[in-house]
Amino acid sequence: MQRNLLNILWLPLLPGFASMVYYISLVAGLPFIVPVLLVIAFGYFSYVWLGRHVAVEEATSLTKAHIAWSYAILVAGVVIMTNKSYYIAPQYGYWDSWTIWNYHAKFLQHPEYRKYLFSVNPEMHADYPLYLSASIAFLRRLTGCDNFVVPYALGYCIQLLVPVSIFLALHRKSLPIAALVFFLIVTDDFYLERGLGQYADVPLALLFLCAFICIEDAQKKPGAVLMAAAFIGCCMWVKNEGIMLAVIFIAFNIKTLFAAGRWKYFLAGIALPLLTLLIFKAEAPSNDLLAAKGTKAMDLLSDPDRHQIVWDYLAYNFNHYYIPLKIGLVIYAILCIAEKRWPARNLLALLCCMLGYCIVYLLTPKSIDWHVHTSMDRLLMQLMPSFMYLMALRFSRLRFSLGDEVSKI
């Protein structure tokens, strides 16, 4: 993994670690200086360790034209995203930021009020993990800035890291494909609104994407397994559905993660997120989303009307908000048929994640029409960057001419 990409992937691990040690320090009644010192130590030692055990130098050098175009594309994309963000950002985020993430952060900012979080109205979802809320609380206490600036800045940085990570992971393989995906994301108002709305779906999308990027290097560098495990552990610490995503990711990559002694790196990476999640779930109220059991569950799963509602909303979202993703999947399917090969393993994993979401909708004890209408667009956002990255990996086999680069289609 190139050092510049590794530096970007290292960044979302910092709020993940900070949120975990901060929450554990609240549970243990430790002074604030303890998590601050731990985060500083983690930042330094993790950066040094990753540089020694994960960073590699590519055997092939890039031409001057390729490097110049890469910088130009990256700068242009950042400028475009920043400019668009200024005009479309909601000042205080959207509904979930008011009632869940920033609201929970208020409790976590004050140790004496932490336990009151678990007695709030069930509609405020006190059972939701705390990657985002604890990160906001930690940064607010660290900076003394107790207003909307911290969650806004965190949301902006996270939404920026998604296209930048994809671009840096792909530009050496195919600059035109990397640039296409990069600009599709940075110019997508729907994506930007969700990121600036301070939802937890874009942070989950970033962490899941990072796990897929790291797994590509797992066999060459076992340290990448530790990073992938840490990222899927953070996925579980972001949202409850992140647990399902982590399980599916592990199931589809079990050999890569555990073979040849790599299981040691996997356990090292996932240990802290898993421990923190277990401590949190032991305190938090239970989740009633999957309340259906036994015969009732089978009745819900076999109800054709519920299937039709889910399908209609899925089609609507792909036709209105995820058109590039839909086109990419069609092209990907055509290439697989033409080459007479199955889709990539991790693309199948993402399709299983989507299927898992649909099953949860079918089993929901809430109004299925309301539940799908208010959340499906955001759930698909959790998978969109990973879909774009994995499809782009396949499309990057195509070659184009650019400047003094000579290549063939």
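**View A. Packing of helix 6 against its surrounding helices.** In this predicted model, the buried residues of helix 6 pack against helix 2 (13-28), helix 3 (33-53), helix 5 (95-109), helix 7 (149-170), helix 10 (201-215) and helix 11 (223-238). Helices (H or I, at least four residues) and strands (E, at least two) are DSSP runs, numbered from the N terminus. The buried residues of helix 6 are Tyr131, Leu132, Ser133, Ala134, Ser135, Ile136, Ala137, Phe138 and Arg140; buried means under 20% relative accessible area, exposed over 50%, and partly exposed in between, with a 1.4 Å probe and protein chains only.

**View B. Length and end of helix 6.** Helix 6 comprises 13 residues (131-143), which at 1.5 Å a residue should span 18 Å, and its end C-alpha atoms are 18 Å apart, in agreement. The expected span is 1.5 Å times one less than the number of residues. Gly144, with a positive phi near 70°, follows helix 6.

**View C. The largest nonpolar core.** This core has 135 residues, and those with the most contacts inside it are Leu9, Tyr191, Phe208, Met227, Phe231, Leu383 and Tyr389. Helix 19 (residues 368-395) gives the most to this core, with 16 residues. A nonpolar core is a set of buried Ala, Val, Leu, Ile, Met, Phe, Trp, Tyr and Cys residues joined through side-chain atoms within 4.5 Å.

**View D. Surroundings of Phe208.** Apart from its neighbours within four places in sequence, Phe208 is in contact (heavy atoms within 4.5 Å) with Cys235, Leu245, Phe249, Leu350, Cys353, Gln382, Leu383 and Ser386.

**View E. His371 and its polar partner.** His371 lies in helix 19 and counts as buried at 11% relative accessibility. The side chains of His371 and Thr364 are joined by a polar contact of 2.9 Å. A polar contact is a pair of N or O atoms within 3.5 Å; within protein, one must be able to donate a hydrogen and the other to accept it, and residues adjacent in sequence count only if both atoms are side-chain atoms.

**Context for the views.** The protein chain contains 19 helices and zero strands. Of its 409 residues, 52% count as buried.

**Notes.** Residues are numbered from 1 along each chain as its sequence is written, and side-chain values use heavy atoms, with hydrogens and water left out. Local features need pLDDT of at least 70 and side-chain atom pairs count only at pLDDT 80 or more, whereas totals for chains, interfaces and linings use all residues.
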